[in-house]
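Student: Hi, I'm new to this one and would like a tour. Could we look at it together?

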Amino acid sequence: MGGARRRAAPTRGADGRTHGAAPHESLLVHGDNLAAMTAMLPERAGQFRAIYIDPPFNTGRAFAEYDDARSTHEWASFMRPRLALARELLADDGALFAEIDDTELATLTLLLDEVFGRESRVSTVTVVRSAPTGHKAINAGPVNVTDFLLVYAKDRAKLRLAPQLRARRPYDDAYKTWIDNPGDPPAAWRFRPIARAVAEHLGHDGPAAARRALGGPEFAAFTRRFAVEHAPHVVRFAQPRYEAISQKARALVDRSRAEPDRVFVLRRGALPDFVVRGGNRVLFLAKKVRVIGGVPTLVEPLTNVWDDVPFQGIAREGGVAFVRNKKPERLLARVLAMATEPGDWVLDPFAGSGTTAAVALKMGRRFVAIEEGAHAFTLAEPRLARVVRGEDPTGITTEVGFAGGGGFRVVDA
Ligand SMILES: C[S@@+](CC[C@H](N)C(=O)[O-])C[C@H]1O[C@@H](n2cnc3c(N)ncnc32)[C@H](O)[C@@H]1O
């Protein structure tokens, strides 16, 4: 059994302890995940919308809590039956997210292809976990700063993932045109350079005077912030790709070239309006701005490179120290936002310090978290108990407006 060959002696006697409010459906299970998942199968097959696994990476290291050195063959033999059980427990419309570094990336990909089928592979996400600073920079060769998140569907045709947006930086300076009166009909819109509108807003005669008064870089930075805060006024022009637009749209572009000062609008049913001026499409900054934490923020669709989830500064998250192993709550929040809805079940068979379960509680999901080490009791249980009591202000607590609540039971596998 188990991933750890050298670990603290198991602490028994937790069976049935509860924290927080009934019905205590969520579970923190102490024991080997192979035994625990096997026991769950008769009642819980197909129940979990999301399964996050963060197994020992086979780094060759010995951590305080567990050993992490096997041959690749042994590691694969350890993982294979656990992945097969995870697949059985996954809902038909659910997804499994497996975190790994490059040591066993290839092994895990092949194992998951074998268990789930190559056609069920959804994405290989590169997660940037550190910067090339300090001692790492003096190693020969490229500095290793990434983990990977392998995403598999139980059934790609049924998979439901909510599209995600992420904060975008830097500002796209092509959005440099201001409409004074975007609330009026397009034919009446008055356009001018955004720098002029911002300068006048600041009480200057024009951009040159504003730059002299504020300094060039400061004025540029202010203008970008102002644009995002007043996004309905801000547009850019883009040449339409003839081959990618309909015949009607092409005809409109041609007309607009002939009458360059007039705004033309093609209504397209469910699709956004096709707006043209001077032969160019008019693109609206407002489509790229969302209010995040009360602040208008420039966003873009999430790609398979996640370099915006800080791993630095998480040492105190959850009030538990789990050096090198703990994952950021924000990472799990993104996974759960993408793959689950409130009330859904989430499984984490390698729970460690309980990050997935803590995030599930804060986001109103139900969970089963399995951990065989004694840190199930010394780290995960007290962390989760603090979360339900509303005593954990760290991680995503403020972002999701969580003030405590929920409950869970601690059981032996
Ligand atoms: C990388 S850590 C997980 C860290 C976790 N994501 C967090 O944020 O705290 C891997 C965990 O898997 C646990 N583990 C290893 N083999 C296991 C097994 N067979 N059954 C249950 N847990 C196991 C280890 O004790 C360790 O806590």
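Student: Let's start with one residue. Which residues does F148 touch, not counting residues up to four places away in sequence?

Tutor: Keep in mind that this is a predicted model. Leaving out residues up to four places away in sequence, F148 touches I100, L105, T124, V125, T126 and V127.

Student: Where is F148 found?

Tutor: F148 is found in strand 8, which covers residues 146-153.

Student: And why does F148 count as partly exposed?

Tutor: F148 has 18 other C-beta atoms within 10 Å. A residue counts as buried at 20 or more and as exposed at 12 or fewer, so F148 is partly exposed.

Student: How far apart are F148 and R17 in space?

Tutor: Their C-alpha atoms are 35 Å apart, and in sequence F148 and R17 are 131 residues apart.

Student: Let's zoom out. Which domains does the assignment give?

Tutor: The domain assignment of the protein chain gives domain 1, made of 17-164 + 303-412, and domain 2, which is 177-299. Their C-alpha centres lie 42 Å apart.

Student: Now some helices. At what angle do helix 9 and helix 10 pack?

Tutor: Helix 9 (residues 355-362) and helix 10 (residues 375-388) pack at an angle of about 10°, and their axes are 10 Å apart. Angles under 35 degrees count as roughly parallel, and these two helices are therefore roughly parallel to each other.

Student: Which residues meet there?

Tutor: From helix 9 there are A357, A358, L361 and K362, and they meet A380, R383, L384, V387 and V388 in helix 10. The residues of this contact divide into seven nonpolar, no polar and two charged.

Student: How many bridges join strand 9 and strand 17?

Tutor: Three bridges, in the antiparallel sense. R166 stands opposite E300 in strand 17.

Student: And how many bridges are there between strand 16 and strand 17?

Tutor: There are four bridges between strand 16 (residues 289-292) and strand 17 (residues 295-301), again antiparallel.

Student: What about strand 13 and strand 14, how many bridges do they have?

Tutor: Strand 13 (residues 263-268) pairs with strand 14 (residues 271-277) in the antiparallel sense over five bridges. V263 stands opposite R277 in strand 14. These strands form a hairpin with two residues between them, and G269 in the turn has a positive phi of about 65°.

Student: R277 again! Which residue is the bridge partner of R277 in strand 15?

Tutor: That partner is N280. Strand 14 and strand 15 (residues 280-284) run antiparallel and are joined by two bridges.

Student: Which residue takes a positive phi in the hairpin of strand 14 and strand 15?

Tutor: G278 does, with a positive phi near 60°, and that hairpin has two residues between the strands.

Methods
Residues are numbered from 1 along each chain as its sequence is written. This is a predicted model: local features need pLDDT of at least 70, side-chain atom pairs count only at pLDDT 80 or more; totals for chains, interfaces and linings use all residues. Two strands pair if DSSP finds at least two bridges between them. Axes are lines fitted to C-alpha atoms, for helices over the stretch in contact, and angles run from 0 to 180 degrees between N-to-C directions. Angles under 35 degrees count as roughly parallel, over 145 as roughly antiparallel, 65 to 115 as roughly perpendicular and the rest as oblique. Two residues are in contact if their C-beta atoms, placed from the backbone, lie within 7 Å. Ala, Val, Leu, Ile, Met, Phe, Trp, Tyr, Cys and Pro count as nonpolar, Asp, Glu, Lys and Arg as charged, and the others, Gly among them, as polar. Domain bounds come from an automatic or database domain assignment.
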